[in-house]
Amino acid sequence: MKFRTEHDAMGDVRVPADKYWGSQTERSLNNFRIGPAASMPGEIIYAFAVVKKAAASVNKDLEVLAPDKAELISMVCEEILEKKLDDQFPLVIWQTGSGTQTNMNINEVIANRGHVLNGGKLTDERKFLSPVDDVNKSQSSNDTFPTALHIAVYGMTASKTLPGLKKLRDELQKKAEEFSDVVKLGRTHFMDATPVTLGQEFSAYVQQLENGIDAVEHALKKVSLLALGGTAVGTGLNAPEKFDELVALRIAEFTGYPFATAPNKFEALAGNDAIVELSGAFKRIAVSLMKIGNDIRMLSSGPRGGIGEIIIPANEPGSSIMPGKVNPTQAEALTMVAAQVMGNDVTIGIAGSNGQFELNVFRPVVAVNILQSAGLLGDASFSFAEHCIAGVQANLARIEAHLNHSLMLVTSLNPHIGYYKSAEIAMKAYNENTTLKDAAMALGYVTEKEFDEWVDPSKMV
């Protein structure tokens, strides 16, 4: 491998000759050999490209950056966004908690690539663009990383998480309507309870997702507020007047999302509360998905030895040894995702609580966990909707058999003969393995006509 020598405030560093990164990226590669290479999420890198492009544009407008330099920076940022330079960002998550090395990795790649686009060579002693004086002008790692984090998370949530959740909600709503007249046995404590319709059961899932979607959309309002312009500690030192407002407007223009400058940059740098709130909304949804996935798995259990009240699509063979077995694989995938999102929320909560004084220094680990949660929730919800819920059928024969054998239908007799006589009927039927009607007639508490009129499952839902 051939190398070139790069310089920084600490001295000379040998860098692979064909790479656009510089000395600080190379130092990070050598100092943080933790975990897999290039583990910083690509969404963060692309969000940084938006940050640098917007900052260069505003710096040019405020006449603190030459137009030709701003143009070069913008050109390289476009290349990054087109994923042409993905191999130039090799750093891991486990680095400085401010994300300084990733900010400098971006700065160095933009400066060196811009220099080459301007006709220079990577080996030139003096380069047209400076990573710190030009690409990082009016910025600090302390405000660029949280800004890139918010841009990446907002974009992922808006483009993947919410569409996936809404797809699943809509498929569940279709089933709630389709099954609205299917009266079935209700269950509480895993035991028989009074009847519900299968549609009512599914309507609960719809409402859970609707509530979760509302929570996510509410949290996104805080995520849309950007730290950029706070520079090192929130004071805005070395940034020109109005830079924060103008750069937020430019980012909103570039992304199409309603970003605005954070009203208090000290809070924006020192805390991660907006991301913690969003992660909490994700956890809420994960809890709902765990419940929904488990319900579907249990309702479809069998096909002969379980509840078996619904039939799920047979997407693939379920066993390498048992022929003909079909398993609830989509529900299993969904519930594993739910477990992962709940775990990610614990990490994000701990990380968010560690914003000492003017800076939170857990941002890279927050980034990877919140982006993973956002992506997984969107993908898993879409998959579950398309490959499971859309194909769910009601097993009417099994539903009717369970319903007609339920002892809890006796509850409808309470208003007519009282709780204790009704309980006596239920216990007699259970102990003697007879029907409720036979037990009620034997005890003489109701007539056959009264029983048929009062114990009607369709009237109990």
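M40 is located in the loop between α1 and α2. The model described here is a predicted one. With a relative accessibility of 6%, M40 is buried, because buried means under 20% relative accessible area. Setting aside neighbours within four places in sequence, M40 is in contact with I45, L91, V92, I93, Q95, T102, F145 and P364. M40 and G99 are 59 residues apart in sequence, yet their C-alpha atoms lie 9.9 Å apart in space.

A38 belongs to the loop between α1 (23–31) and α2. The phi angle of A38 is near 55°, which is a positive value in a residue other than glycine. A38 has a relative accessible area of 45% and is partly exposed, whereas M40 is buried.

## Helix α2 against helix α8

How do α2 and α8 lie to each other? The axes of helix α2 (residues 42–61) and helix α8 (residues 243–255) come within 9 Å and cross at roughly 130°. The two helices are therefore oblique to each other. Their crossing is right-handed.

On the α2 side, the contact involves V50, K53, A54, A55, S57, V58, N59 and D61. On the α8 side, these meet F243, L246, V247, R250, I251, F254 and T255. Sorted by class, the contact of α2 with α8 holds nine nonpolar, three polar and three charged residues.

K242 sits in the loop between β5 (225–226) and α8. Like A38, K242 has a positive phi in a residue other than glycine; for K242 the value is near 75°. K242 is partly exposed, at a relative accessible area of 43%.

## N103 in helix α4

Helix α4 (residues 100–117) contains N103. Is N103 buried or exposed? Its relative accessible area is 1%, so N103 is buried. Not counting residues up to four places away in sequence, N103 touches F48, K52, N136, S140, S141 and T144. Of these contacts, F48 and K52 fall within the residue range of α2.

## The nonpolar cores

In soluble globular proteins, nonpolar side chains tend to be buried together. The largest nonpolar core in this model has 101 residues. Which of its members touch the most other members? They are I44, I80, F202, L278, I296, I370 and F384. Helix α6 (residues 141–178) gives the most to this core, contributing 13 residues.

I296 shows what such a position looks like in detail. Leaving aside neighbours within four places in sequence, I296 is in contact with F202, Y205, I310, I312, F384, C388 and I389. Two of these partners, F202 and F384, are also listed among the core members that touch the most others. Apart from this core lies another, of 16 residues, with I417, A429, F451 and V455 among them.

## Helix α6 against helix α10

Helices α6 and α10 (residues 273–299) pack at an angle of about 20°, with their axes 13 Å apart. That angle makes α6 roughly parallel to α10, because angles under 35 degrees count as roughly parallel. The crossing of α6 past α10 is left-handed.

From α6, the contact is made by L149, H150, V153, T157, T161, L165 and L168. From α10, the residues are A274, I275, L278, F282, I285 and L289. This contact of α6 with α10 divides into 10 nonpolar, three polar and no charged residues. By comparison, the contact of α2 with α8 includes three charged residues. L278 of α10 takes part in the contact with α6 and is one of the residues that touch the most other members of the largest core.

Where is P303? P303 lies in the loop between α10 and β7 (310–311). The peptide bond joining G302 and P303 is cis, with omega about 10°.

## Y430 in helix α15

Y430 is placed in helix α15 (residues 419–432). At 58% relative accessibility, Y430 counts as exposed, because exposed means over 50%. Y430 and M441 are 11 residues apart along the chain, and their C-alpha atoms are separated by 15 Å. A429, one of the residues of the 16-residue core, belongs to a set of buried residues, whereas Y430 is exposed.

Terms used
Residues numbered from 1 in each chain as written. Predicted model: local features only at pLDDT ≥ 70, side-chain atom pairs only at ≥ 80, totals over all residues. Heavy atoms only, no water. Helix = DSSP H or I, 4+ residues; strand = E, 2+ residues; numbered from the N terminus. Buried < 20%, exposed > 50% of the residue type's maximum accessible area, 1.4 Å probe, protein only. Contact = heavy atoms within 4.5 Å. Axes fitted to C-alpha atoms, helices over the stretch in contact; angles between N-to-C directions. Parallel < 35°, antiparallel > 145°, perpendicular 65-115°, else oblique. Left-handed = near helix turned anticlockwise from the far one by under 90°. Nonpolar A, V, L, I, M, F, W, Y, C, P; charged D, E, K, R; others polar. Core = buried A, V, L, I, M, F, W, Y, C linked by side-chain atoms within 4.5 Å.
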